[in-house]
Structures are given as structure tokens and as C-alpha cells.
Amino acid sequence: MSLRFDFLPFKRLLQTNGFIASDRRWRESMDLLRAYAWLEGRNEVNHNDLMVYSNVLWDKPEDRIKLKSLIAYYVNPG
């Protein structure tokens, strides 16, 4: 299963906004994206799957809303 987009700009957006994750955490989270796409019946991960990260990449509960907004903006900037 593969990614259908360039993942690095997304990772940089989160990092510049204070959401820093270790390389190990990013690598493991990629498996989560692939599993989500598979459960949705697809063989490729797409932009919309990134919304799953709003449940994973935050450290403090109050950061979850900010993270969700950043991801939503990245997925659909309009």
C-alpha cells in the first residue's frame, strides 16, 4: 500500500506549528494511515486519511483542536 501524495510538506506544517513527533512515531503512524485506507476499501492513502492524525499526534488534550484545524486546512485549504 502506498501514499498518494508527498508527505513531507504535511510533516513540516505540523512541525512549524509545534507538533513535533519522533521519527519512530511518524513511522508507526504511517501504518495507522495504511490501515485506515484499507478499512475504507482503498489500496492507497489519500489526503483525507490525514484527519486520523487529529486523534494521534497531540500530546496535551487542549492541542487536539489546534491539530485538527491544521490538518483540515492542509487537506482542504479552501
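User: Which residues touch the most other members in the largest nonpolar core?

Analyst: Keep in mind that this is a predicted model. The largest nonpolar core has 18 residues, and the ones touching the most other members are F7, F10, L14, W26, L33, L50 and Y53. Helices α1, α2 and α3 each supply at least two residues of this core.

User: OK, let's take a helix. How do I read α1: which residues are buried, and which are exposed?

Analyst: Start with the general idea: an α-helix has 3.6 residues a turn, so residues three or four places apart point the same way. In α1, the buried residues are F10, K11 and L14. They cover an arc of only 100 degrees around the axis, which puts them on the same side of α1. The face turned away from that buried side carries R12 and T16, both exposed. As for what covers the buried residues of α1, that includes α2 and α3.

User: What about the rings? How many aromatic pairs are there?

Analyst: The count comes to four aromatic pairs. Take F10 and W26: their ring centres are 6.4 Å apart and their planes sit at 85 degrees, so the pair is edge-to-face. F10 belongs to α1 and W26 to α2, so this pair ties together parts that are 16 residues apart in sequence. Both F10 and W26 are buried.

User: Which kind of pair do F10 and Y53 make, stacked or edge-to-face?

Analyst: Here the ring centres of F10 and Y53 are 5.8 Å apart and the planes are at 15 degrees, so the pair is stacked. This one links distant parts of the chain, with F10 in helix α1 and Y53 in the loop between β2 and α3, 43 residues apart. Again, both F10 and Y53 are buried. Put together, F10, W26, Y53 and Y74 form one aromatic cluster.

User: Now charges. How many salt bridges does the structure hold?

Analyst: The general idea first: side chains of opposite charge can pair when their charged atoms come close. This structure holds five salt bridges. One of them joins K11 and D23, whose closest N and O atoms are 3.5 Å apart. K11 lies in α1 and D23 in α2, so the pair ties together parts that are twelve residues apart in sequence. K11 counts as buried at 16% relative accessibility, while D23 counts as exposed at 52%.

User: Which residue forms a salt bridge with E28?

Analyst: That's R24, with the closest N and O atoms 3.1 Å apart. E28 is partly exposed at 49% relative accessibility, and R24 is exposed at 56%.

User: And D49, is that residue buried or exposed?

Analyst: D49 is buried, with a relative accessible area of 1%. Its salt bridge is with R42, the closest N and O atoms being 2.7 Å apart. R42 is partly exposed, at 25%.

Terms used: Residues are numbered from 1 along each chain as its sequence is written. This is a predicted model: local features need pLDDT of at least 70, side-chain atom pairs count only at pLDDT 80 or more; totals for chains, interfaces and linings use all residues. Side-chain values use heavy atoms; hydrogens and water are left out. Rings of Phe, Tyr and Trp (its six-membered ring) pair if their centres lie within 6.5 Å; planes under 30 degrees apart count as stacked, over 60 as edge-to-face and the rest as tilted. Helices (H or I, at least four residues) and strands (E, at least two) are DSSP runs, numbered from the N terminus. Buried means under 20% relative accessible area, exposed over 50%, partly exposed in between (1.4 Å probe, protein chains only). A nonpolar core is a set of buried Ala, Val, Leu, Ile, Met, Phe, Trp, Tyr and Cys residues joined through side-chain atoms within 4.5 Å. The arc is that of the directions from the helix axis to the C-beta atoms. Contact means heavy atoms within 4.5 Å. A salt bridge is a side-chain nitrogen of Lys or Arg within 4 Å of a carboxyl oxygen of Asp or Glu.
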